[in-house]
Amino acid sequence: MATDAWKKHSLQNSGSRDFHNGDYYFSNGKQANNFHSKTRETGVIEKLCQTYGFIECAEQDLRVFFHYSQYKGHASELETGDSVEFDVTSDSRTGKPIACRILKLEHGSVTFEVKSEERVTGKVELEATKPTRYSYPKQPASRSSVSEAGRVSYDVNGESFFLPYYQAEILSNSQLYKGDTVSFFILENKRNGQHCAVELLLVEAAPPVYVQGIVCSLKESFGFIERADKVNEIFFHYSEFQGDIGDLLLGDDVQFVVHDRNGKEVAVSVEHLPEGTVKFEDCSKDTFQGTVDKVFSRTKRQEPLNGKIFYSINDGTSELPYGEKDVLGEFTILPGDVVGFKIATDRRDSLKRATEIYLIKEVESFNGGSVRERGFVSALKDGFGFIQCCDRDARLFFHFSELIDTEQEINFSDEVEFSVVDDQVTRRLHAIRVRILPRGSISLKPMTEEWFSGIVDREPLPWMGRSPRKGERERDSECGLIVACIEDEKITLPFLPADSDLRAMAKFGDQVEFQVSVSERTGHQMAVNMTVMKRNSDVKHLGFVATLKETFGFTELADHEKEVFFRFAEYDGDIDDLSIGDEVEFNITSKGGKVAAERLVKLPSGTIPQETVISDAYEGRILRPLRRADPQQLHYQGLIEYFVETPDDYDGKETEDDNDESVYVIPYGITGLVDKKTVLQCGEKVEFRIGCLDASDKRFAVEITAKRERLRAVVESVKGEYGFIAYETDEAKNLFFHTSEIEDDTLSIKTGDTVEFFIVQNTRNGKLSASKISVVSERQRPERLVRRSLGLNGDDQALKFAIIRQPTGPDNTRGFKHQRALDLVDNISNLTLDEQE
């Protein structure tokens with residue numbers, strides 16, 4: 001605004017150009033283009049530097065530069081915030097506006113904004129965010145930020161107007177919410193013409209609008225509520241709960257007020273509601289039937305309703321999604337299952353989905369899997385149990401969540417129907433989709449009226465409803481096993497504890513009579529109606545000592561098919577008198593599923609009938625050694641493969657046809673070895689004869705001798721119970737040996753001894769070692785030490801000496817001066833190698 005102060009100064013610098021609203025003036029005050037009285041600008045000094053400063057204009061949004069020379073007073077009189085009056089002109093070099101002819105006004109005489117004289121009443125339409133403090137005269141940063149401003153509305157002559165407001169403009173530092181009635185002044189910014197509400201005062205608070213929801217998440221100090229008015233979750237802090245936060249649980253119904261904080265909606269004044277008050281959806285009364293097309297997946301990236309069910313309607317086929325919580329129970333659902341369900345419609349977005357899903361008919365097979373199987377509940381624990389299959393010899397784990405009918409209680413020995421899947425974690429078969437059947441649905445009837453006899457090879461596990469112990473978990477079935485010969489074929493049949501007399505349960509080794517039941521669905525055979533004929537405790541078993549360790553050993557049964565563990569404490573006599581191949585008598589017991597021999601008695605040689613030799617000598621190779629060579633081997637009995645022209649009266653097992661020869665395989669046991677301590681290995685060449693047992697007409701290999709190449713070398717070193725022989729192999733330069741392999745126990749091998757031995761390979765680690773060691777010559781220095789002392793290297797036979805340090809005599813003289821030493825040096829090269837050694 002112009003004042004009379006500037007009229008006291010005359011125009012200077014004739015021809016200068018001043019800018020004001022686009023008009024041009026000469027130094028004599030005449031307008032060049034449009035003649036009228038000129039108006040000067042007012043403003044406030046914003047910044048002062050060493051020789052210049054900047055002024056904020058009050059009437060327009062402009063910040064102009066000025067030099068101290070344009071102020072008629074002393075520059076030290078100017079301060080930041082002083083009110084000034086000036087003209088605006090342009091710099092002749094840059095064309096930018098600058099202030100000139102500056103006059104200082106009274107402090108506070110220049111204002112940027114004009115406030116209305118009376119208060120206006122309106123309503124809060126949008127809440128302001130965080131408060132921002134500012135000071136005049138500069139425009140506050142908060143007023144230029146739309147995101148921090150609130151909004152109020154007011155009416156003038158029936159027309160509504162909206163004004164922004166800021167948190168700092170609220171009197172009494174109170175919080176305003178949407179719908180509150182307030183009074184305020186209207187402030188106009190003269191620079192840009194914008195208006196805003198200031199000095200807001202709460203007149204009447206709006207009644208709170210409550211929204212309902214269900215608590216869906218609880219953290220340490222906050223939680224989330226699923227809203228019932230729209231598909232969204234809203235945050236709330238525990239301090240906003242009206243009550244004891246310990247009483248608030250997941251799934252509780254609540255009501256709350258929605259407030260805006262920092263641009264986000266939050267729930268305040270959270271109150272507890274009675275259970276069942278909040279409803280998100282309407283469920284149909286009718287029940288529908290459909291087929292599962294896609295199974296729900298729990299992958300995080302998947303949609304929450306990624307399952308699909310097809311069902312028939314009047315117009316054809318329709319599709320409905322479903323989620324994890326829509327299934328009645330936690331049992332596994334597979335594509336193709338026929339299910340019943342109801343249709344739920346969401347009140348918020350009208351989305352339809354299938355809910356309250358239950359199984360009507362299970363799909364018989366999926367992806368080539370097996371059909372539904374049946375069995376008995378054999379054990380129950382907290383949350384899980386085990387099922388003994390009727391269609392296979394297996395015990396399957398199942399979880400209670402896989403029960404189709406959750407309301408029906410499952411008990412021990414219940415008859416059930418289930419599906420079998422391979423668990424991805426344990427890699428074991430599990431039972432899923434378990435349905436409890438009525439009593440008598442499963443019947444095990446004998447195939448024929450014929451009775452068979454056999455021997456119990458494994459006892460059943462009568463858990464009586466408990467889960468298996470650690471040692472029992474290795475078994476894949478709770479069934480016992482019976483070994484019997486049916487139609488001249490040796491077979492193994494499982495049997496359940498219920499098929500035996502519970503008062504006289506069949507034990508290991510008992511002789512029993514039984515009938516055979518066959519499953520009509522799978523053809524699986526089981527022994528039923530079993531009766532104990534003779535107890536194992538009344539049977540004395542015969543056999544041969546097969547292995548002797550430090551405190552235990554193994555006996556081979558007289559039929560050479562199995563070995564039985566025994567401890568030395570069970571032997572009736574001095575254990576030093578027992579050797580491999582000795583004939584013994586013993587009882588067999590089973591404790592904890594492990595078979596062992598008890599009460600061993602040594603028998604005179606020849607007590608047990610031996611095989612009668614019926615053939616000449618054959619040459620063959622070991623196809624499978626005895627289990628003592630490889631403890632990890634499944635079968636005990638050894639096998640020898642040999643070639644022979646097929647005789648007319650031989651009924652052995654033929655494995656391969658050749659032009660003139662056939663390949664046959666014959667078993668052998670510990671008694672078939674000539675040297676019982678010899679450990680034959682797979683692939684080793686042997687020579688043997690064929691023997692036959694008169695009682696059973698079974699044939700075995702007897703008089704077996706290994707055709708090994710006996711080697712000779714020098715002992716390199718001996719370290720306690722083991723040592724090394726200077727014999728180079730593909731693995732190392734020295735060959736390992738154990739002192740237990742020395743044939744003569746009275747001899748003690750020392751370094752330098754010449755020995756003869758065989759080379760064998762360890763089946764566990766594949767390393768070579770020396771076996772059957774015998775001493776050939778007296779002790780001598782190892783060859784490597786002889787060569788080193790003679791200075792020999794490799795294949796060189798000539799003597800080589802290199803003096804690296806002259807000796808020192810008693811008189812501190814150096815060198816070889818004695819005549820005898822000189823003669824030795826001169827003549828030793830003429831000696832032969834044997835004379836040198």
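Begin by selecting D282 and R347: their side chains form a salt bridge, with the closest N and O atoms 3.0 Å apart. D282 belongs to strand β17 (residues 281–283), while R347 sits in the loop between β21 and β22, so the pair ties together parts that are 65 residues apart in sequence. D282 counts as partly exposed, at 41% relative accessibility. R347 is partly exposed as well, with a relative accessible area of 48%. Please note that the model on display is predicted.

Select R348 next, together with E226. The side chains of these two residues meet in a salt bridge, at 3.4 Å from N to O. This pair links distant parts of the chain: E226 is in strand β13 (residues 222–227), R348 is in the loop between β21 (338–346) and β22, and 122 residues separate them. Are the two partners buried or exposed? E226 counts as partly exposed because its relative accessibility is 27%. R348, in contrast, has a relative accessible area of 19% and is therefore buried, since the limit for that class is under 20%.

Now move to strand β22 (residues 352–361), where Y358 is located. Y358 has 36% relative accessibility and so counts as partly exposed.

**The nonpolar cores**

Select I640, Y668, F688 and I704. These residues have the most contacts inside the largest nonpolar core, which contains 20 residues. Which strands each supply at least two residues of this core? They are β33 (541–548), β40 (638–644), β42 (662–668), β43 (685–692) and β44 (699–706). A second, separate core has 16 residues, including V292, F296, V327 and L359. In soluble globular proteins, nonpolar side chains tend to be buried together.

Return to I704 and display its surroundings. Leaving aside residues up to four places away in sequence, I704 touches I640, Y668, G672, L673, V674, L680, V686, E687 and F688.

**From β44 onward**

Select R710 and E743, which form a salt bridge whose closest N and O atoms are 3.9 Å apart. R710 lies in the loop between β44 and β45 (711–719), and E743 in the loop between β47 (735–738) and β48 (754–761); this pair links distant parts of the chain, 33 residues apart. Both ends are partly exposed: E743 at 46% relative accessibility, R710 at 29% relative accessible area.

**Strand β1 and its partners**

Go back to strand β1 (residues 41–48), which runs antiparallel to strand β4 (residues 83–90) and is joined to it by four bridges. To locate this pairing, select G43, which stands opposite V84 in β4. Strand β2 (residues 52–57) is also antiparallel to β1, with five bridges between them. Here L48 stands opposite G53 in β2, and a hairpin of three residues joins β1 to β2. Selecting R40, E85, D87 and R101 then shows a network of salt bridges linking these four residues.

**The whole chain**

Finally, zoom out. The protein chain has three helices and 49 strands, and 38% of its 837 residues are buried. Of the contacts with a separation of 6 or more, 56% are between residues 24 or more positions apart. The chain exposes about 50000 Å², of which carbon and sulfur atoms supply 48%. The count of salt bridges comes to 35.

Key:
Residues are numbered from 1 along each chain as its sequence is written. This is a predicted model: local features need pLDDT of at least 70, side-chain atom pairs count only at pLDDT 80 or more; totals for chains, interfaces and linings use all residues. Side-chain values use heavy atoms; hydrogens and water are left out. Buried means under 20% relative accessible area, exposed over 50%, partly exposed in between (1.4 Å probe, protein chains only). A nonpolar core is a set of buried Ala, Val, Leu, Ile, Met, Phe, Trp, Tyr and Cys residues joined through side-chain atoms within 4.5 Å. Contact means heavy atoms within 4.5 Å. Two strands pair if DSSP finds at least two bridges between them. Accessible areas come from the Shrake-Rupley method with a 1.4 Å probe; for residues, only the protein chains shown count as cover.
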